[in-house]
Amino acid sequence: MLKGKKIVLGITGGIAAYKSAELTRALIKEGAQVKVIMTKSAAEFITPLTLQTLSQNLVYTDMFVPTEKYDMAHIALADFADAFVIAPATGNIIGKIASGIADDLLSTTIMAGTKPTLICLAMNDKMLANPIVQENIKRLKKYGYIVMESGVGELACKTQGAGRLPEVSEIVEEIESLLTPKDFAGQKFLITAGPTQEPMDPVRFITNLSSGKMGYALAKAAQRRGACVTLISGPTNLVAPPVEKLIPVRTARQMHKAVMENYKKAAIIIKAAAVADYRPKEFSKDKLKKAGKTLSLNLEKNPDIIEEIGKNKGSRIVVGFAMETQNLLANARKKLSKKKMDLIVANDLRQEGAGFQADTNIITIIDRKGKTESLGKMTKIEAADEILNHIKSLIKKKGGGRS
Ligand code: C5P
């Protein structure tokens, strides 16, 4: 969430300028206040009126025409911003910033700015490859500007190559990360997410409704807060957040193996995966044929991964989940104690807005002393931050945490 965050968005004159409208919308949707500065050539690609309507603010285009009560727009905008974003950033603007040229409102505001600045490159692939442009990018990085490398794909000039503006969702994620305090800097997390699939033949398997959204939100939030995250994920339809290491698995036994191979390096282990408790005892290499009226399936138990971790956790913090349809808190407390977790996050599948698939969750966090905090309905990313805040308190109490 970017609630209340003030973003100054600089738009320069590249064909990708039209995507800045979508970016402005996305930032407003996340709760940010957006003020837009457009260069003269940007206004040739997209009209200031479009950006004014979307940002719900006046659009600044000219250095010498006061657009609001301020008579020094560049200073006022520099003071207003929590962060600057230039998207798209052409070779021209990065050349100007890298050389200390301030000859229009955008370049002057950036020169006067002291806040984090994100530069989202977009240009023709040959321009991007130009050694002077590459030198300028290095120079910007050296002075602390955050440069988002451009994506590879089809360019407006019909060629394929580097130079595409990064996706709007990636830019928004980068801005969120930029504005998030790094209170888990360097802490190593192991997070599991998603369902497991337990095959009985090449086309059929036992699984559950887990979407992976809660685990992915935790991975995203932890990584944003500076942690190094290893994410072990069952099959999901989600785009993985930008974690340190992603290990895709299918079955509970594969997840067990991946966790055992990786948990020792982690100081904090969060098991958000919905691991299947049982798997078909036999696996048929060939597709099972339809036969009698009924079919019995023999199941055998999967390893309880978190229980095994709990026994060998040392000073690590272990967090588990309990998803219940009855006696939520009593069952969660039992699991917390049996599996030697430090925290358990309980949610009731029957509550609307909680559980699998949804983008929201309603969670109760319980610690080993029995302290219980019930939180209202919130997005999974907000719930993830709440869980991380509890983990932070635990680390403080333990006097550090290992990494
Ligand atoms: O007992 P239950 O499966 O409800 O416990 C849920 C917690 O245990 C979750 O944190 C889940 O990731 C973990 N778990 C596990 N291995 C299993 C089953 C559950 O780690 N085989």
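Buried here means under 20% relative accessible area, exposed over 50% and partly exposed in between, computed with a 1.4 Å probe on protein chains only. By that criterion Leu343 is buried, with a relative accessible area of 2%. The model is predicted, so local features need pLDDT of at least 70 and side-chain atom pairs count only at pLDDT 80 or more, while totals for chains, interfaces and linings use all residues. Residues are numbered from 1 along each chain as its sequence is written, and side-chain values use heavy atoms, with hydrogens and water left out.

The protein chain has 14 helices and 22 strands; helices (H or I, at least four residues) and strands (E, at least two) are DSSP runs, numbered from the N terminus. Along its principal axes, the C-alpha trace spans about 80 × 50 × 40 Å. Of the 403 residues, 49% count as buried. Contact means heavy atoms within 4.5 Å, and among contacts with a separation of 6 or more, 67% come from residues 24 or more positions apart.

We turn next to the interior. A nonpolar core is a set of buried Ala, Val, Leu, Ile, Met, Phe, Trp, Tyr and Cys residues joined through side-chain atoms within 4.5 Å. The largest such core has 36 residues, and Phe189, Ile191, Leu218, Ile270, Ile387 and Ile391 have the most contacts inside it. Two or more residues each are given by β9 (188–193), α10 (213–224), β12 (228–233), β14 (268–271), β17 (317–324), β18 (343–348) and α14 (380–398). The largest share, 8 residues, comes from α14. Apart from this core lies another, of 31 residues, among them Val34, Val85, Ile171 and Val172.

Ile191 has its place in strand β9 and counts as buried at 0% relative accessibility. Leaving out residues up to four places away in sequence, Ile191 touches Gly215, Leu218, Ala219, Ala222, Val229, Thr230, Leu231, Ile232 and Ile270. With the same exclusion, Ile387 touches Met214, Leu218, Val319, Phe321, Val345, Ile363 and Ile365. Leu343, in strand β18, touches residues including Val318, Val319, Leu336, Ile365, His390, Ile391 and Leu394, again not counting residues up to four places away in sequence. Leu343 and Leu394 are 51 residues apart in sequence, yet 9.2 Å apart in space, C-alpha to C-alpha.

The axes of α1 (residues 19–29) and α9 (residues 168–178) come within 10 Å and cross at roughly 45°. Axes are lines fitted to C-alpha atoms, for helices over the stretch in contact, and angles run from 0 to 180 degrees between N-to-C directions. The contact is made by Lys19, Glu22, Leu23, Ala26 and Leu27 of α1 and by Val168, Ile171, Val172 and Ile175 of α9. Within helix α9 is also Glu173, a buried residue with a relative accessible area of 14%. Not counting residues up to four places away in sequence, Glu173 touches Lys220 and Arg224. In α1, the buried residues are Lys19, Ser20, Ala21, Leu23, Thr24 and Leu27. This helix is followed by Gly31, whose phi is positive, near 100°.
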